[in-house]
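Visitor: I would like to learn how to read a sheet in a model. Please take me through one.

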Amino acid sequence: MSTLKISTLKPSTLTTSAAGAKGLVEKVAAYHSAADRELLHRAYDYSEKMHEGQRRQSGDPYFIHPVGVANLIADLKLDVPSVCAGLLHDVVEDTLASLEEVEAQFGAEICELVDGVTKISQVNFISREEKQAENFRKMILAMARDIRVILIKLADRTDNMRTLGHLAPDRQRDIAQETLDVYAPIAHRLGIYWLKNDLEDNALRFQRPEVYYQLKRNIAKKKVERQRYIEDFIGEVSAVMKSSGIAADVAGRPKHFYSIYHKMQRYDLLYDQIYDLVGFRVIVDSVTDCYAALGVIHAKWKPVPGRFKDYIALPKNNLYQSLHTTVIGTSGERVEVQIRTHEMHRVSEFGIAAHWSYKEGEVSGQHEAQQFAWLRQLVEWQQNLSDPREFLGSIKEDLFSDEVFVFTPAGDVLNFPEGASVIDFAYRIHSEVGQHCAGARVNGRLVPLGYQLQNGDTVEIVTTASQTPSKDWLGLVKTSRARTRIRAWLKYLERSRSLSVGRDLIERDLRRHRLDFKRLTKQGLFAEVAASLGMRDADALISSVGYGKITTRQILAKLLPDDVLAKGGADEGVLSRFLRRVTGRSPGVVVGGEEDLMVRFGRCCDPLPGEEICGFITRGRGVTVHTTDCVQVLASDPARRVEVRWQRGANGVRPIRLEVRCLDKPGMLAAITKSIGAAGVNISSAQVQSTPDKQALNSFEVMVQDAAQLNGVMRSIGKLGGVLSVRRPRSGTT
């Protein structure tokens, strides 16, 4: 492809281009005086020319998007190659430009960034779980190679979320959910809170527009009152700081919409029941001043017990530091206050980007490198975890979890996800300690295995040689490290038991045909049968019989002629006969290519046609079908999972539970039942319960054919005025 020349641009476009490029270049130069201005101008002009004539769904020129992305990258104060890559991030995917041309014009570094962002852009996270896990692997490896790739992608997603309104509603909801599932947690993990807030608010705007705009109306009603309140409190705090001799900048701002919505959902509150809608920041010169300011605030206003957190002494994994406290304000309202130094504030705003080194093009300093510890851990997991669901769970758990900080007896600080138990602590110390953990002493007091770690605990593990992991432990642990080690042990035990059961079943059926198990083993016949059935070795074949994956008849069919096998087939073993084909067809599910195996549906998740499913071999009960995201499946042994799929055209009306939370006012129940009936769905049972906070919890059992019909009903109910939430409850048992 020939080199593009700026002289071919129209005069009016050139004027606009020159002004836009100048504004971007000046923004970069403001924080990076040695920036290569000529390179920025060339990247700007090249991108504009390559996108010439292209339009967005809104009808606007497409070029405004890469310019918007580049400006967001400049807001993050990243280096010149990053800003150039933001301008060029779509030229390879959406124009005739090639990577080779980008490299020739702008160098290898910018080319690699563009290539990395292009590959992440091609990743689809809205897919079945195995594919989703593989896509996460690709993204994590790209992040590990150069963290700038994900920062550019976050800027790309942020600009797209701001202009999502011209896509179809279904596409808007999918992209919004992907943003909440993937990109907002990554922005949080990298410590870039303003970007996280922007992504979450726009995701809420398109995923739950009725909630977003209701919040917007509620907030707008009290805008003047709230602004006066912010100014008054800032004045009070500034005055007490000045009188105490502490130099402080005090600021206040309303909390973003998604955090208000999340709090309403988490604590089951109405908007009017949330009082700390404004957060205040006190920014001082030193760490000493932080604690002095905290003392001044607590002396002036009464602190709320249990709402103080010291992230200065115990920073978050993303290096965020601040003191958080909630106090009772002058009018009796709760007020949240954050106290930090100017440097801590810079880190809280820019996260990983606050430590960028322009000379080296990488994050510098040992302290800052701690921020990559979690990323190195994810890379290690993607290498060691073979099961995609387990890997995906590990990532989501790491991205979403809140943290608690505990101490070893030696005084070392370890961080764990909220809800972690002493078993997680034991496995963090050493695998052998976890393997034989019998309990713990927390703050000198003996506690059971299920004790959940709390901030500030000092933990000492108690071990016994006879103690080994049990399946119950999987319900007690939160960390992927502990869960992986426990599953490995359970798999070892399960394999031992399955070998024993499988051998007993095979020996019993071999005796009916006067065959000797040991002799056949010595002759290598079981190894041959295993190979013919696509298994690793004879042990894998025998344990598969014990698991119930194959029957002894399948093995005998490889060892005996058909006529001999037919004579002795009636005496087949009980478990083998049960797990073989049974009378009656499965209800629309194909298991491993067979359509007439015994199948039941897990009541924990009630799978419906149209949902992604997997099977789990249950001894004595055939194959139990679950949705792929069911907690029962995620906690199960991967070796006992089997591939299942819906038969083409599978349907059949099934009872599904729905919970609708709404305002307790006349006509709501009638409106909800009318909405369900209008979708052609029958209600088999209903239960209505009022709550003290003027809400109503409605539980319905509805008869639906498939997931599409159920989702349609839930969307229809969710659009009703006064409906707060619609969900499909999941139980914890099968």
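Predicted model: local features only at pLDDT ≥ 70, side-chain atom pairs only at ≥ 80, totals over all residues.

Visitor: What is the order of the strands in the open sheet?

Guide: Start with who pairs with whom. Two strands count as paired if there are at least two bridges between them. Here four strands run in the order β20-β21-β19-β22, and their pairing is antiparallel.

Visitor: Which strands stand at the edges?

Guide: β20 (682-691) and β22 (723-727) do. Each has a single partner strand, so one side of each is left without a neighbour in the sheet. On average, neighbouring strands are turned by 15° against each other, direction ignored.

Visitor: Over how many bridges do β19 and β22 pair?

Guide: Four, with β19 covering residues 654-663.

Visitor: Over how many bridges does β21 pair with β19?

Guide: Ten, in the antiparallel sense. Cys-662 has Ala-696 in β21 as its bridge partner.

Visitor: And how many bridges join β20 and β21?

Guide: Nine, again antiparallel. Thr-691 stands opposite Gln-695 in β21.

Visitor: Which residue takes a positive phi in the hairpin of β20 and β21?

Guide: Lys-694, with phi near 65°. That hairpin has three residues between the strands.

Conventions. Residues numbered from 1 in each chain as written. Heavy atoms only, no water. Helix = DSSP H or I, 4+ residues; strand = E, 2+ residues; numbered from the N terminus. Axes fitted to C-alpha atoms, helices over the stretch in contact; angles between N-to-C directions.
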